[in-house]
Amino acid sequence: MNSNIAANIRTQRLASLIPMLSQMIPDHAILSEPEQLKAYECDAFTTMRQMPLLTVLPDTIEQVQHVMRCCHALDIPVVARGAGTGLTAGSMPVENGVLLGMNKFDKIHDIDLHNRSAWIDPGVRNQAVSDATAPYNLYFAPDPSSQLACSVGGNVAENAGGVHCLKYGLTVHNILELDVITIEGERITIGGQALDAAGYDLLALMTGSEGLLGIIVGIRVKLLAKPASARVLLAAFATIEDAGNAIAEIIGAGIIPAGLEMIDQKGIQAIEALMHAGYPVNAAAVVICELDGSVKEVEDELNSVLTILHRLNASDIQISTNEAESKRIWAARKAAFPALACLAPDNYVMDGTIPRRALAQVWTKINLLADEYQLLVVNVFHAGDGNMHPSILFDSSDEDQHKRATELGTRILELCVQVGGTISGEHGIGLEKINQMCLQFTNNEISQFHALKSAFDSKALLNPGKQIPTLARCTEFHSMHIHNGEMPFPHLERF
Amino acid sequence: MLSVQPPAITARTLAEQISAAYEQKSSLIITGGNSKAFYGRHTKGFELSIAGYSGILNYEPSELVITARAGTPLKEIEELLAEHGQMLGFEPPSFSDTATLGGTIACGISGPRRPYAGAVRDFVLGATIINGKGDILKFGGQVMKNVAGYDVSRLMTGALGTLGVLLDISLKVIPKPAVEETRILPYDHQQMSTLLSTLGRQPIPLSATYLHKNLLYVRFSGAKAGVVSAAENIGGDVLRQADLFWHQLKEQRLPYFNQDRSLWRVSLPPNAPCVPDLIVDTESVTEWGGAQRWVYPKDTNALQQWASDNGGHASYFRNRPDANNCQVSSNDTNGSSFSPLSPALLTLSKRIKHSFDPHNILNPGRLYADL
Ligand SMILES: Cc1cc2nc3c(=O)[nH]c(=O)nc-3n(C[C@H](O)[C@H](O)[C@H](O)COP(=O)(O)OP(=O)(O)OC[C@H]3O[C@@H](n4cnc5c(N)ncnc54)[C@H](O)[C@@H]3O)c2cc1C
Ligand SMILES: Cc1cc2nc3c(=O)[nH]c(=O)nc-3n(C[C@H](O)[C@H](O)[C@H](O)COP(=O)(O)OP(=O)(O)OC[C@H]3O[C@@H](n4cnc5c(N)ncnc54)[C@H](O)[C@@H]3O)c2cc1C
């Protein structure tokens, strides 16, 4: 936007909004100084930044309602922020809009042992729920790698998942009830303490809606009993096909591992260089498999998995015998991203999901594409659920490399959609992937998304411009996309 | 791979019929297998039969995913899965051999395994639908993890066809448990609550519970080691022919369900108390570790109020007094089948319905008078 016009809008909005907000919100909870606002410019996707008009940090539900009513009355956009660990610029502020920080909502109100659930604030950290319920042998299953930092409100908004979601589901499978404030400031309860609620399943709809449909102010999470035992095994393969087949056969045998991951050779080598975890550096791929359940069950399953692994010529099999060894195997896997940072200045992490049967095929194709674009691509997969994280390594100071990396990323996501998959398995769309929505959805589908959004937010004030592209944007993207050799979306800063 | 027969009717012809109805603003009654005609409210309109839109499109056991057309008989799907040692985790009731996959998803009714394995919607991965304008739209996919766009396919579950006609549906499937065992204990409601609350905090392979006339049935499913030790731990008598029992419960063929009165379903937090004798007969059936009750109420208003006071809801399931003769032509009653929504939720739900079906032609009024 023309900077003069933007500055005028800013002045006008501040003049009308601040006095109105101040009727209910203490001054210290309204941040307006540039140095205070700076901290809210971006989420963990740090290269897209935007200063908000104001950051408001409410600590009661009534205050959230008041913020919404003010913004609705004055037509000012609102973006919710949890812990800001999102990877797709989902909670990046909107120009001249309010950033609503939810981190003061950090209480666990009630742990209901009989119904195995807890009523918590949206700003509670994911790990804090499991820590608080551990004394009762319970835990909250969704385990994004960011769980030490990310908020459960953010998990709901992104439908976050982690290594264990193959067996225990995503956030959508592990919540029972939400309290939501609409853009009009109305409070609605969605779901309930029972296992279902009357009417449409709005709980599923709110999950993964990236702050575009309402502000989450309360969450009833489901708690699960901790498994009695868990063991992790790691196996090396000489070919990608054998590794892919091992994944398929383990699941085909009726075993649902608690985690099933796969790393390619370049990934293994990078991890080993950083972590010295004893990963077999000459293998084409390693598979990591965690089994959990009763001691006897885990033993039985371990034997079945070993039979499959041996038949598929696995070597260097390591099996954890205690928690420390399990942790060592997982720690190395979880250090994949820092390890890649040692290989190149920039890492464009993709997040596509494919049907497992296409794994070897897609992997081979990605390697061909990497050659075509002369870039290094490293693959770390949540193989059990087909969620791939190909990392495109490059140097953004080299303009040509930057451009090739961007194009390659789009080609990889296109490939995921072609084989029946999707452009995001867990990180969401935000602003970062908004153009690629046009690869997966037709104009009619995108129009339906907009219609649904306006059922909740007719003035399009909640996190506008994120998650669902405009049709004009798709048209532009498609035409840019067809013209070979042209920069697909120059207006987007990346990485 | 499967060889897929072309369907007797195509997505395109269905879409054309819906477009035409949209133009003329004429209502459609979506029918699958007519197995659940008793469920929900009456609605009037032209019949749009999906039964001919049938066939399994994709199934590979190692993917744990099946994709089928909405008109595919549930039976066909379950039989194919069983051949490969797999099943639908939510154990859907079919109520008749004619039940279709579309009707199953649209009704969103889950069976005995629900609290332990998940509900219908937890297994829906993707769906192709036709909205009320006749647009064919695809949401979700065939993969477990997908966060691109709003989760419209899960929104379709339990919407009773009021938001869209389901065409193709992808579902997550689960391995059939290696071993099952059911134990019977002489427990009352309170004892059941205490037992299940304790078991729930342990990693025990519970897979179904049933309480009726102070007999508690507890089913364990899974690997042999876990099932045997769990069953031995809680003791009680072994139930013979357990498969048949759970099947009859799921399909509501136990004598309890065969009464000529209005049957209600009550959904509650698992440890909610017994429904008071003043409101229902004391003999009610309790499933889902306490979270689902089947009752014959003496006072339906009092029942709904009580359910809501206890954090749940209550709905007519079978034999609505004004629905004894199920005819399309029967007048659209104002009586609701389901617990009333809060005013804010009702307004929002109406706007959602409008966003999919602007002329209100898909099963109008089947869920609520306004939806
Ligand atoms: C190192 C690292 C590893 C990660 N690993 C994983 C992983 O394994 N799996 C995974 O799924 N994700 C992962 N993520 C991504 C991220 O942590 C998750 O998406 C997380 O759920 C975001 O939570 P947050 O509280 O940080 O949300 P934010 O980043 O603050 O916000 C995310 C979105 O949620 C919305 N939002 C936040 N709070 C609310 C609310 N109360 N009401 C309405 N909308 C709200 C925001 O508007 C925004 O659209 C990772 C991130 C990092 C940095
Ligand atoms: C001759 C006749 C008489 C009828 N009389 C009555 C009556 O008196 N009272 C009454 O309430 N209804 C009546 N109906 C309506 C009809 O029974 C229901 O609308 C319809 O039966 C529900 O589907 P079902 O039982 O065939 O399929 P099921 O497969 O059991 O479907 C149950 C529900 O799912 C919906 N559904 C099924 N397939 C799809 C799909 N692919 N996409 C979206 N939604 C779907 C249905 O509309 C229904 O809401 C009658 C229908 C006929 C043909």
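1. A residue counts as buried when its relative accessible area is under 20%, and as exposed when that area is over 50%. The model under review is predicted.

2. A:Cys438 has a relative accessible area of 3%, so this residue is buried. A:Cys474, at 1%, falls under the cut-off as well and is therefore buried. These two cysteines form a disulfide, with their sulfur atoms 2.2 Å apart. A disulfide is a covalent bond between the sulfur atoms of two cysteines.

3. Over all chains, the structure holds 1 disulfide. A:Cys438 sits in helix α15 (residues 437–440) of chain A and A:Cys474 in helix α17 (residues 471–482) of chain A, so the bond ties together parts that are 36 residues apart in sequence. The disulfide is left-handed, because the torsion about the S-S bond is about -80°.

4. A:Cys416 is buried, with a relative accessible area of 1%. In chain B, B:Cys107 has a relative accessible area of 9% and is also buried.

5. Ligand 1 has 33 residues around it, and those that come nearest are A:Ala80, A:Thr85, A:Ser146, A:Ser151 and A:Gly161. By type, the shell divides into 12 nonpolar, 17 polar and 4 charged residues. Elements of chain A that each supply at least two residues of this shell include β3 (78–81), α5 (152–158) and β10 (215–222). The largest share, 5 residues, comes from α5(A).

6. Which backbone atoms lie close to polar atoms of ligand 1? A polar backbone atom of A:Gly82 is 2.7 Å from an oxygen atom of the ligand. A nitrogen atom of ligand 1 lies 2.9 Å from a backbone N or O atom of A:Ile216. For A:Glu426, a polar backbone atom is 3.3 Å from an oxygen atom of ligand 1. Taken alone, the ligand exposes 980 Å², and the protein buries 91% of that.

7. A:Glu41 is found in the loop between α2 (34–37) and β2 (54–56) of chain A. Is this residue buried or exposed? Its relative accessibility is 7%, so A:Glu41 counts as buried. Leaving aside neighbours within four places in sequence, A:Glu41 is in contact with several residues, among them A:Met48, A:Arg49, A:Arg81 and A:Pro93.

Terms used. Residues numbered from 1 in each chain as written. Chains lettered and ligands numbered in written order. Predicted model: local features only at pLDDT ≥ 70, side-chain atom pairs only at ≥ 80, totals over all residues. Heavy atoms only, no water. Near = heavy atom within 4 Å. Polar contact = N/O pair within 3.5 Å; in protein donor to acceptor, adjacent residues only side chain to side chain. Areas by Shrake-Rupley, 256 points an atom, 1.4 Å probe, with all protein chains shown as cover. Helix = DSSP H or I, 4+ residues; strand = E, 2+ residues; numbered from the N terminus. Nonpolar A, V, L, I, M, F, W, Y, C, P; charged D, E, K, R; others polar. Buried < 20%, exposed > 50% of the residue type's maximum accessible area, 1.4 Å probe, protein only. Contact = heavy atoms within 4.5 Å. Disulfide = S-S within 2.5 Å.
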